[in-house]
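Let's take a walk through this structure together. Have a look at the sequence and the model first, and then read on.

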Amino acid sequence: LKDRGAIIIQDASQALLSTFGRPLADFIIHSPRKTLGVPGGGVLVTQAGLGLQEVELAPPPVSYLESASHAYLARSRFDRGVQDEFYPSFQASESNQPCGLFAMDPLSLGLLNGAFDPDAIAERRKLNYRVLAAALADFALFGVLERDVVPLGFPVLLRNRDEVQRKLADESIFCPIHWPQATPLPTGFQSLSAVLLTLVVDQRASSGGLERTIEIVLREGRPL
């Protein structure tokens, strides 16, 4: 495709901290919010001299800044143990996102520039992944973590996925289901969306949280 003049855009929204090369991409898209605690914003990386210096970016609308900040603060309170219903605020912020040539909001930009240690976060996520992989090898979708990959989570395959997800939620361990399958697959194909659960390897996860996760999956889970 590149030989025929195509411009390649690679979606790396869930791989902000991974360090493997992307030699075929002209543009790479990252989503900091997938990995770090920022209200919003995205990162566009250009390669091969394809600069965007002449593109003028407008400040984000005030209405979006208000809704994004409210959602961010509500989630922060929730993470500290305050029973705050953050999800409706998050949904309102999502629906209010502007589409166009807008700059990242100042709060997100400031946090990215000075509030995080990317190397420490990457190493913590890798360590948490290895802890889960060692204990839950029978459930793992990917048992071995490649050297240059920083994981978003630890995906496991469970015959009783929804039941295990509820058991984890009862312990305030909230594990997402990615890529729900909206339409049935042809006969003979197995849909991962029905059995896949992503366990938390977040850098904020405590050793106690990992131990509880392992205990619940081993006790309640039925591997494929």
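**A serine and a pair of helices**

A polar atom in the side chain of S67 sits 3.0 Å from the backbone oxygen of Y64; a polar contact is a pair of N or O atoms within 3.5 Å, where one must be able to donate a hydrogen and the other to accept it, and residues adjacent in sequence count only if both atoms are side-chain atoms. Keep in mind that this is a predicted model, where local features need pLDDT of at least 70 and side-chain atom pairs count only at pLDDT 80 or more, while totals for chains, interfaces and linings use all residues. Residues are numbered from 1 along each chain as its sequence is written, and side-chain values use heavy atoms, leaving out hydrogens and water.

S67 belongs to helix α1 (residues 62-79); helices are DSSP runs of H or I with at least four residues, strands are runs of E with at least two, and both are numbered from the N terminus. S67 is buried, at 15% relative accessible area (buried is under 20%, exposed over 50%, partly exposed in between, with a 1.4 Å probe and protein chains only). Apart from neighbours within four places in sequence, S67 is in contact (heavy atoms within 4.5 Å) with S89, S93 and N96.

Now for helix α5 (residues 161-170), whose buried residues are R161, V164 and L168. They lie on the same side of α5 because they cover an arc of only 70° around the axis, taken from the directions from the helix axis to the C-beta atoms. On the other side, R166 and D170 of α5 are exposed. Among what covers the buried residues of α5 are β5 (196-199) and α6 (207-220).
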